[in-house]
Amino acid sequence: MISGTGIVKTFRQRGDVLGKNEVKALRGVDFTIPEGGAISFIGESGCGKTTLGRIIAGLETHDEGEITIGGVAMSSLRTRAQQPHFRRIQLIHQDPYSALNPTRTVHQALHDPLKLRARETGRSSQWIYERAEELLGLVGLDPGYVLPRYPHQLSGGMRQRVVIARALTVDPDVLVADEAVSMIDVSLRLGILRLLRDLREQLGVSLLYITHDVATARYIGADGDMYVIYRGQVVESGPTETIINQPVHPYTQSLLSAIPVLYGVEQPGAEQVTPIDSLTTAAVGETVDDAGCLFAPRCPFRTERCTRERPVLGDAVPALQDAEGRVHACFHPIERQVAATSVQAP
Amino acid sequence: MTLATAAHAPEGGTTAPAVRIRDLTVVYKTPAGELPAVSEIDMDLPAGTITGLVGESGSGKSTLALSLLNAVQPPGRISSGTVEIDGLGDVVPLQGDKLRRVRGGQIGYVFQAAQNSLNPLKTVGKQLLDLGRSHDVDDLRALVSEAKELLGRMGLDGARVLDSYQHELSGGMRQRVGIMLALVLNAHVVVLDEPTTALDMITQANILEIIRNIHAERGLTTLVITHDIGVVAEVADQLAVMYGGRIVERGPVRSVLGEPRHPYTQGLIRAIPRLTGDIDQARALPGRPPTLGTIPERGCVFRDRCELRMSVCDTVEPVLERHADQLVACHAVAGQEPDGGAPTDDGQEQT
Ligand SMILES: Nc1ncnc2c1ncn2[C@@H]1O[C@H](COP(=O)(O)OP(=O)(O)O)[C@@H](O)[C@H]1O
Ligand SMILES: Nc1ncnc2c1ncn2[C@@H]1O[C@H](COP(=O)(O)OP(=O)(O)O)[C@@H](O)[C@H]1O
Ligand code: SF4
Ligand code: SF4
Ligand SMILES: [Mg+2]
Ligand SMILES: [Mg+2]
């Protein structure tokens with residue numbers, strides 16, 4: 001199990017002593033990735049998802065809070081001693097092209113980490129070849145075809161599968177997939193997402209899926225928790241199906257309402273919410289930071305209280321913070337049906 | 001609308017031009033010879049409608065769209081066919097100055113990845129003036145105020161945006177700038193190539209709403225290109241599905257989505273994960289789209305990925321035939337109740 005409590009990360013421009021240009025990328029985020037489970041973080045660009053994923057994978061430091069991996073608090077360890085823990089968490093990011101060295105074949109890309117692994121586990125060099133083929137088979141690639149090829153000779157989907165195979169070389173406990181399919185055609189995305197689901201089933205690897213696309217998050221982790229993040233704060237979280245079918249936070253409702261409706265097959269949710277256009281207010285991830293609800297400038301339901309006070313996750317008001325694990329940060333929570341539903345075939 | 005080009009443009013919002021594409025073939029020169037990326041396509045963009053063109057990467061969407069401006073670049077060329085636009089005639093023979101004026105003046109194009117297609121070294125305003133000069137706009141001040149109005153219409157502070165460089169704008173803002181540049185010379189045919197790819201959902205929804213509204217307000221004929229059928233469902237009236245350089249199905253968007261007939265269209269729709277209902281109904285389309293070199297010369301271009309493949313599919317290319325509201329090119333569908341009878345000559349059927 002991996003958990004985070006109170007994770008804070010602020011980016012400062014160099015030389016910006018007054019903190020005028022600082023960006024509060026994360027403002028105290030809590031999460032739990034259960035053993036073998038799948039959770040998702042959803043939100044618009046700039047809300048802090050990638051920063052969180054990088055912190056969890058040990059690729060970025062954080063200012064406050066604690067990451068605990070398999071019961072070990074990372075703050076209790078020196079950086080060097082943290083590394084073996086963070087290696088159990090592998091990051092797959094959105095651009096499979098930049099993740100692979102263009103001058104190295106797939107064989108070379110897999111060989112190095114496998115050699116390291118072989119040395120650690122006292123295995124032969126023969127094992128390296130067998131394992132490379134096994135991993136490529138596992139991610140649905142034909143080893144004979146891809147091993148000698150360079151990244152540019154493969155399709156986007158194949159490249160992303162190679163990246164996943166490389167992540168598997170270290171036998172990770174967790175895969176962090178950050179917008180892992182956003183550069184792949186819609187028609188082929190489910191192939192990669194299905195693979196992640198299968199890996200979870202077959203290998204017991206946990207998944208942290210990061211996206212702005214709620215429907216793919218549901219596909220990956222319908223049985224897990226969904227965290228909705230806005231400007232560095234989790235504003236609602238709980239079981240994925242609850243968040244989709246009975247969201248209470250206006251930001252969650254806005255995200256769900258923005259998903260294209262397949263007219264002819266689906267009808268829009270009855271109570272769709274359209275946020276105030278962010279461009280007519282200030283941009284997401286802005287530096288101005290007043291005291292109120294972070295979503296208030298865009299919230300169609302804001303009241304005077306919302307601009308004065310900041311709601312706290314799980315503690316804003318008692319209403320609709322339920323026993324099944326759904327919590328929210330809104331002073332005026334109301335369940336709204338915003339997700340599109342299928343129309344019955346005539 | 002006090003621009004120099006306004007003389008050529010239809011007046012008011014009611015005169016959106018229709019576009020008729022006939023027998024269009026576009027080839028690219030490759031080491032294996034000239035290969036078609038667009039093959040003998042017939043298609044109409046009815047006046048005043050939004051048509052969505054959907055297909056996976058490499059299916060030929062951008063190539064088809066560039067043909068509307070006669071802007072296919074070497075190693076590509078239009079090897080046959082006509083693209084007739086009301087008020088302009090066939091644009092395929094146009095060259096030089098005449099062609100340059102038509103582009104931007106009558107046909108606006110928002111390029112794929114418009115987010116990155118602005119000049120990083122010039123402000124948006126400077127690029128606007130360059131555009132105006134290259135189209136011999138006399139009244140540049142009117143051009144600027146038209147640009148500000150369009151940007152304002154899209155929720156932006158026009159003056160501020162014109163003073164900005166590309167890197168100072170977010171993805172959603174750049175996309176709006178792209179739309180402004182496509183429309184500011186008063187174009188009435190507008191092509192948007194992947195207008196929301198790489199944007200997040202809320203930004204995408206905003207852009208789609210802008211496209212719908214501006215389309216209606218300005219009386220446009222609009223073509224939206226995307227690999228995401230959900231985007232088309234949101235904005236388009238008509239849907240055309242493209243595969244391997246062919247249109248394999250088209251018709252009113254709700255009919256095609258509600259009752260897709262071509263196995264490819266069915267596969268594209270099934271590949272979209274939904275928010276409600278059984279998640280495992282969604283499935284990726286098996287296989288991969290063809291590249292120029294692997295598009296078969298004979299038979300159905302989709303057969304390698306088709307569950308309904310029959311022996312005739314290997315040898316005979318299916319042609320578009322009418323089925324209720326839709327035109328479908330598939331032997332398996334043709335075997336069912338074709339209620340339109342003979343293969344359709346594309347010219348007559350549009351509303
Ligand atoms: N290295 C960095 N330096 C400065 N600001 C950063 C850096 N990385 C991210 N940010 C800022 O932090 C915020 C969150 O970014 P990110 O985690 O990438 O969000 P997301 O992945 O949700 O789009 C944004 O405002 C972004 O500009
Ligand atoms: N400049 C070019 N040279 C050679 N082939 C090209 C060129 N541009 C596009 N193609 C090929 O033409 C086909 C159609 O491409 P394109 O029109 O960009 O498709 P789409 O927009 O649907 O992704 C693809 O197989 C692509 O590789
Ligand atoms: S606290 Fe107020 S402003 Fe914030 S989301 Fe709830 S209603 Fe909107
Ligand atoms: S023509 Fe044949 S191969 Fe092509 S889509 Fe129809 S059934 Fe499938
Ligand atoms: Mg990100
Ligand atoms: Mg394209």
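Domain bounds here come from an automatic or database domain assignment. Keep in mind that this is a predicted model, where local features need pLDDT of at least 70, side-chain atom pairs count only at pLDDT 80 or more, and totals for chains, interfaces and linings use all residues. Residues are numbered from 1 along each chain as its sequence is written, chains are lettered from A and ligands numbered from 1 in the order in which they are written, and side-chain values use heavy atoms, with hydrogens and water left out.

**Exercise 1. Work out which domains of chain A line the second largest pocket.**

Step 1: Chain A falls into domain 1 (1-88 + 172-241), domain 2 (97-171) and domain 3 (246-342). The C-alpha centres of domains 2 and 3 of chain A sit 42 Å apart.

Step 2: On a 1 Å grid over the protein atoms alone, a pocket is an open set of points where a 1.4 Å probe fits, with protein on both sides within 12 Å along at least five of seven lines; lining residues have an atom within 4 Å of a point.

Step 3: look at the lining. It has 30 residues, and Arg54(A), Ala57(A), Gly58(A), Leu59(A) and Phe86(A) lie nearest the pocket's centre. Elements giving two or more residues include helix 1 (49-56), helix 2 (79-86) and helix 7 (156-168) of chain A; helices are DSSP runs of H or I with at least four residues, strands are E runs with at least two, both numbered from the N terminus.

Step 4: answer. Domain 1 and domain 2 of chain A each supply at least three residues to this lining.

**Exercise 2. Describe the shell around ligand 2 and its polar contacts.**

Step 1: list the neighbours (a heavy atom within 4 Å). Among them are Tyr28(B), Gly60(B), Lys61(B), Pro75(B) and Leu292(B). Helix 1 (residues 61-68) of chain B gives the largest share, three residues.

Step 2: sort the shell. You get four nonpolar, six polar and two charged residues. In this scheme Ala, Val, Leu, Ile, Met, Phe, Trp, Tyr, Cys and Pro are nonpolar, Asp, Glu, Lys and Arg are charged, and the others, Gly among them, are polar.

Step 3: pick out polar contacts (pairs of N or O atoms within 3.5 Å). A polar side-chain atom of Lys61(B) is 2.8 Å from a ligand 2 oxygen. A backbone N or O atom of Gly60(B) is 3.0 Å from an oxygen of ligand 2, while a polar side-chain atom of Tyr28(B) is 3.4 Å from a nitrogen of ligand 2.

Step 4: check the cover. The protein hides 68% of the 560 Å² of accessible area that ligand 2 has on its own, by the Shrake-Rupley method with a 1.4 Å probe.

**Exercise 3. Find the backbone features in the loop between helix 1 and strand 4 of chain B.**

Step 1: recall the background. Most residues other than glycine have a negative phi, and most peptide bonds are trans.

Step 2: locate the cis bond. Pro74(B) and Pro75(B) are joined by a cis peptide bond with omega about 10°.

Step 3: check phi. Asn70(B), not a glycine, has a positive phi of about 50°, and Asn70(B) is also placed in the loop between helix 1 and strand 4.

Notes
A polar contact is a pair of N or O atoms within 3.5 Å; within protein, one must be able to donate a hydrogen and the other to accept it, and residues adjacent in sequence count only if both atoms are side-chain atoms.
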